[in-house]
Amino acid sequence: MFYLPAFSFGMLKLSLKQYLYAVCIIMGIYGLVICIDAASGRSTFSMKVELFQATIFLLILIWLACYGGFISNLRRTLRKQYVELQAGQELIKIQATTDELTSLRNRRYALNIINHLKLMADSSNHVFSVAMLDIDHFKNVNDTLGHDIGDEVLYQFGNNISQLLRAEDVISVNVEETLLARYGGEEFLLVLPDTDIQQAELCLTRIQSAMNELFFTKENIKVTFSGGVAQYKANETIDNLLKRIDVAMYQAKKEGRNRVVKAA
């Protein structure tokens, strides 16, 4: 009766249909054995007994097939639910770190990256710079053209800068690790790993020059930005770094906008 252990093991692998195929094969073999035994002329052979045993055996196999099919289907269902759960968790993770409007990373994610870079810089000779970009006169866009156009400006602003960051003739920084995130409202955060203040300033100047040539939305409006940029100082807090950048950005606005100011 080696079939029973085989069926038990099959509960981990086979579907109900495969089980029933196996039942047919096993019962076919069992019937052949009975026919051979009957043809042998064995004196103790009893067809009634053999048929009774075959019936019992068939019922056991059918029960095992149904039970095994149930277990197998349950395993597939649980596996599917696990995969869906994993996908759902990954989606939640992405949503928690992504800005819904622009599809850029959000403030939380950017601050986590900055904190990671700070730890690296404090324990080694790594340098990095951070810039804050604020769209000039964005309130006027919302007030005169509507919030739908304002949202489109925000999306295109982030998308255009992302494309410029990938253009080799525009910047000369580590593109793979560079991060552009929406910080809030019309403010964007640009994180530049392995980039000193001179490289960061050059990068922003080239981006600003390229952005000045672009038109935004179906209204063909011009969009400029004012920015502040700073290189991280060893052992300073992230709050202090962002405060220096913020002061520099507002200095850029005071000086006439559409420019980048290096933080003190």
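This is a predicted model: local features need pLDDT of at least 70, side-chain atom pairs count only at pLDDT 80 or more; totals for chains, interfaces and linings use all residues.
Q: What's phi like at arginine 257?

A: Phi there is near 70°, a positive value in a residue other than glycine. For background, most residues other than glycine have a negative phi.

Q: Is arginine 257 buried, exposed or partly exposed?

A: Arginine 257 is partly exposed, at 29% relative accessible area.

Q: OK, which loop holds aspartate 194?

A: The loop between β3 (187-193) and α7 (197-211). Aspartate 194 isn't a glycine, yet has a positive phi of about 50°.

Q: And how about its relative accessible area?

A: Aspartate 194 comes out at 41%, so it counts as partly exposed.

Q: Switching to helix α5. Which residues there are buried?

A: In α5 (residues 138-145), the buried ones are Phe138, Val141 and Asn142.

Q: Why do the buried residues line one face of the helix?

A: Looking down the axis of α5, they fall within an arc of 95°, so they share one face. In general, an α-helix has 3.6 residues a turn, so residues three or four places apart point the same way.

Q: What do the buried residues of α5 pack against?

A: Their partners are β1 (128-135) and α6 (147-165).

Q: Which residues are exposed on the other side of α5?

A: Lys139, Asp143 and Thr144 are exposed there.

How values were computed: Residues are numbered from 1 along each chain as its sequence is written. Side-chain values use heavy atoms; hydrogens and water are left out. Buried means under 20% relative accessible area, exposed over 50%, partly exposed in between (1.4 Å probe, protein chains only). Helices (H or I, at least four residues) and strands (E, at least two) are DSSP runs, numbered from the N terminus. The arc is that of the directions from the helix axis to the C-beta atoms. Contact means heavy atoms within 4.5 Å.
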